[in-house]
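Subject: Model for you to look at

Hello,

Here is the model I promised to pass on. Could you open it alongside this message and read the notes with the structure in view?

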Amino acid sequence: MRLLVAMLFVSTAAPAIAQDHSGHAMPSAQSPAQTECEKEAERHRAMGHSVPEGACAPKAQPTEPAQDGHTGMDHSQMDHSQMDHSQMQGMDHSTMDHAKMEGMDHSAMGHKNTQQPEQTTMDHGAMGHGTMDMTPIPEGAPPAAAGSGPPRAADAIWGADAMRASRNALRTENGGMKVFWFQGDRAEYRAREDSDGYLWDVQSYYGGDTDKFWFKSEGEGAFGEQLESAEIQGLWSHAIGPWWDLQVGVRQDLTGPERTHAVIGVQGLAPYTFELDAAAFLSNKGDLTASVEGELDQRITQRLLLQPRAEVSLSAQDIPELGIGAGLDSVELGLRLRYEIAREFAPYIGVEQEWKVGQSADYARLAGEDPSVTNYVVGVRFWF
Amino acid sequence: MSELLVSRRRLLGAGALGAGALALPAWARGADLHGNESIRPGFDEVSGRDIALTIGEGPRVVQGRRGHAIAVNGSVPGPLVRLKEGQPVRLAVTNTLDEDSSIHWHGLLLPFQFDGVPGVSFPGIKPGETFVYDIPALRQSGTYWWHSHSGLQEQAGHYGPIVVEPAATDPVQADRDYVLLLSEFTPLHPHTIMDKLKKGEGYFNYQQNTWTDDYPLSGEDRRMWARMRMMATDILDVTGSTYTYLANGRGPEEGLEYLFNPGERVRLRIINGSAMTFFNVRIPGVKFWVVGADGQNVRPVEVEEFQIGTAETYDIVVEPTGEARTIIAESMDRSGMAVATLASRPGARASVPPLRDPPLLTMADMGMNHGSGGMDHGGGDMAGMDHSAMGHDMPSQGAAAEPMGGMDMSGMNMRDTSKLPSDVRIGPGIDMVSMNPVDRMGDPGLGLDNVPHKVLNYRDLVALESNDDLRRPSRQMEIHLTGNMERYMWSFDGKKFTAVSDDPIRFAYNERVRVKLVNDTMMAHPIHLHGHFFELVNGAPADRQPQKHTVIVQPGGSATFDLTADEEGDWAFHCHLLYHMHSGMFQIVTVAPRGNQPDVKRVGED
């Protein structure tokens, strides 16, 4: 408390003299508060401090000076109603360091501090709600004068040529940045019944927030044998919503019969934070296929994550030379447990089960393969 | 030693009685008196009619962590620029970097061409060039700061404090007068941080909800957040996982201390010069008075804690007791803290409390309710309040402080774009629309609505002196703060600066406008307008609405200010979270030239 008292608010000191309302008729509604205030002022006077007359004067309405009949008076300095009354309750004047109070200006202290903070005791009449302008401020376009200046004020001072480079840089810097990202979502060793194998599943983009060039590649094989499958995709990716990108482009198969596909798909984040990648492929042989991949990161701790993963492949027709049957072609279900040594580098272990389904399973059996394969995987997920 | 202290105290006292020129002891600012080649922590002081500043770079070590710093006059923070109200100053800034640089004088009223924003106010300072900011007689006093407005240099250490001494006697009298500039150190290059934020995955957040966390979230709460594709723990984008929080350039273990003698009043000028951090500032066990906000005097408010947004400043007065008191500036997500000590003798220390539990976003932060304190109408501070700005259609209270309150959230549309005005561009850059954006200026800030002591909020702020423009605004406008957490896109009205660089926000000269900022994101944004002070429409009487240069808009809520657009030229207007600005949350405000209009004489002007 002593602190507040000892702080000199010189800026409010001077107008205290100008606050003398004794010549004005005060609304009667204000008298209770005034009485309280006067009592407080009396206590202060009894303590030997000077309390200027009018220190208890009510707050005026500075926004409407013409309406309250106080025209010409400087009311702007008078408002005492803003003192934080709740903080001043129970103020113990007996502990005040009077030695430091010489020359203290009580007017700056807000003598309405004896007023109870409860809203129920608030005198709305004294607060001047009646004179408050309640009509809404209109919304609207800026006035014509707002457009009266040059479009680029700095050009008039430094010259348009001098400003050009920094203007362009500013635009690029504040929202125009492009990002390069490369992710190895799965790069793994796969242990299974016959010969162990490997798999990669990588993607990368370069671009801005809305439009990106997207690159994807996936492939797998068994050690000591030829690649089983491999493909690359080049896509233009366009943001179509907060969480979804539309992707259109080309896929090239690198193994098996020569195939090039047109690609259309969506990639993004579904509710419950499923990461989804769904695409349809139309090959240069007229075959239509599709795939849907989904992953969900479940945090066990801040660095340990469990990731269920599912992938479903579909086909509109039998493609015997590729071992694909019409309808549901294959299903993969995986579960990977990874540890983020850094966000960018997370080794994992897991298990993945693949099933060839329906006609595709028959094709596999005809080729002497097992349509159901279980892989135990060790790998690393990384990005930069 | 004690003799020295006494004489210094006398000196300080004499200064306080005179022009208020308080010489800061070098050790209190953390200035290293023995120069060496690496960047020093703390700062020197520069003053006078002509001031020379040199932007350089070098290695920096904070508590054993090494990084690269951009420093002005060889220290981080750079020198305290001490100016005087009513006097002009020439600041010659030399850029020795191999890239463009700049200095923006944050909070100073000056001709726009010296405001220091490359591409808006001037071309920037080329490598090897010296630029002279020729600033006419200063029209203000108080606590401010300066920083680079080029690229991401501010993160690397390119900032420092400004104190403008008042021409008349300072209404705030204290025995000691110290600057506490809060910031961050990171060994990462700022562009690396930007890159990681863009690539996502909550890169810097190691307080995420997991299967094993202690957060008071029910399974239903967790599923609801997951369904929204958002995280209740998304409090700050960049955290103590990379930042060491700094007090005058010093880490918490590096022992910044401010000396005092028992019984003295200490003024602390607290500046948030960080790039990305809201701080909760407190001195455990001590109440103190907030006497200034953004350099402007306010009626003293007694509090025990306040949250300070990036780029804000608060002046406090404290009368410490005991041998020592700890000043804690805890990051809003409670992943780290900056620490300083009020010490009655060199080396005296008080205990440092542990970090409090990290907060969670609440329903209010989704725009579904208002924060507690939002309806605090006690104390009679409703006088002069404009009810139209307060949103009297507030929903019933309650549940705000509960993480979810067990409400059934199914069927709610978190992105009802029909609620947006027509000038908001709806697209991938908006992932949320606040359902009921109520005025949240009575909110103490994320995580502080349930602490057992008084915390400052904007409705506590009342200007000490009368404002100079008492006109009722002639129009009002709404600006929406928009974003997409997942893509790390941030913008005003759904339009990144790249989309509106030739389409500024225009004001007529001397036009008085009420501006409502609506936050359609779940992050708090400190919004800064260059070259002006605006008045918070916070329930204070019209002539005492507090003047600020930066206002925090709480998540899902709104904040409203009255602006007199009387500084002609082009001015930057942006979120002061550095990487939000860099992602597009930036605009230009154009104030039309005065032309033939008379210069308006106002209350308080000579």
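Below are my notes, going from the overall picture to a few local details.

First, the ground rules. This is a predicted model, so local features are given only at pLDDT of at least 70 and side-chain atom pairs count only at pLDDT 80 or more, while totals for chains, interfaces and linings use all residues. Residues are numbered from 1 along each chain as its sequence is written, and chains are lettered from A and ligands numbered from 1 in the order in which they are written.

**Confidence**

The model scores ipTM 0.84 and pTM 0.81. Chain B has an average pLDDT of 87, with 85% of the residues at 70 or above; pLDDT is the predictor's confidence in each residue, from 0 to 100. Two stretches of chain B stay under 50: residues 1–36, with 52 contacts beyond four places in sequence, and residues 370–408, with 97 such contacts. Here two residues are in contact if their C-beta atoms, placed from the backbone, lie within 7 Å. Where pLDDT is low, the predicted coordinates should not be read in detail.

**Chain B as a whole**

Chain B contains six helices and 33 strands; these are DSSP runs, H or I of at least four residues for helices and E of at least two for strands, numbered from the N terminus. Of its 606 residues, 63% are buried. Among contacts in chain B with a separation of 6 or more, 77% link residues 24 or more positions apart.

An unreviewed UniProt entry lists "domain: Plastocyanin-like" for residues 65–167, 239–322 and 473–593 of chain B; positions are in the numbering used here, feature names are shortened, and annotations may be inferred rather than shown by experiment. Residues 65–167 of chain B are 0% helix and 43% strand, with end C-alpha atoms 43 Å apart. For residues 473–593 of chain B the figures are 7% helix, 50% strand and 19 Å.

How many residues of β15 (266–272) of chain B are buried? Seven of its seven are, with B:V266, B:L268, B:I270 and B:N272 on one side and B:R267, B:R269 and B:I271 on the other. β15(B) pairs in the parallel sense with β12 (176–185) of chain B over seven bridges (a pair needs at least two DSSP bridges), and B:D177 stands opposite B:R267. Six bridges join β15(B) to β20 (313–318) of chain B in the antiparallel sense, where B:I271 stands opposite B:T313. Beyond four places in sequence, the contacts of B:I316 include B:L268, B:I270 and B:V290.

**A helix in chain A**

In α8 (359–366) of chain A, A:S360, A:A361, A:Y363 and A:A364 are buried. They lie on the same side of α8(A) because they cover an arc of only 160° around the axis, taken from the directions from the helix axis to the C-beta atoms. The face turned away from that buried side carries the exposed A:R365 and A:L366. The cover over the buried residues includes β11 (327–339) and β12 (345–356) of chain A. After α8(A) comes A:G368, with a positive phi near 80°.

Best wishes

Methods:
A residue is buried if 20 or more other C-beta atoms lie within 10 Å of its own, exposed if 12 or fewer, and partly exposed in between; C-beta atoms are placed from the backbone.
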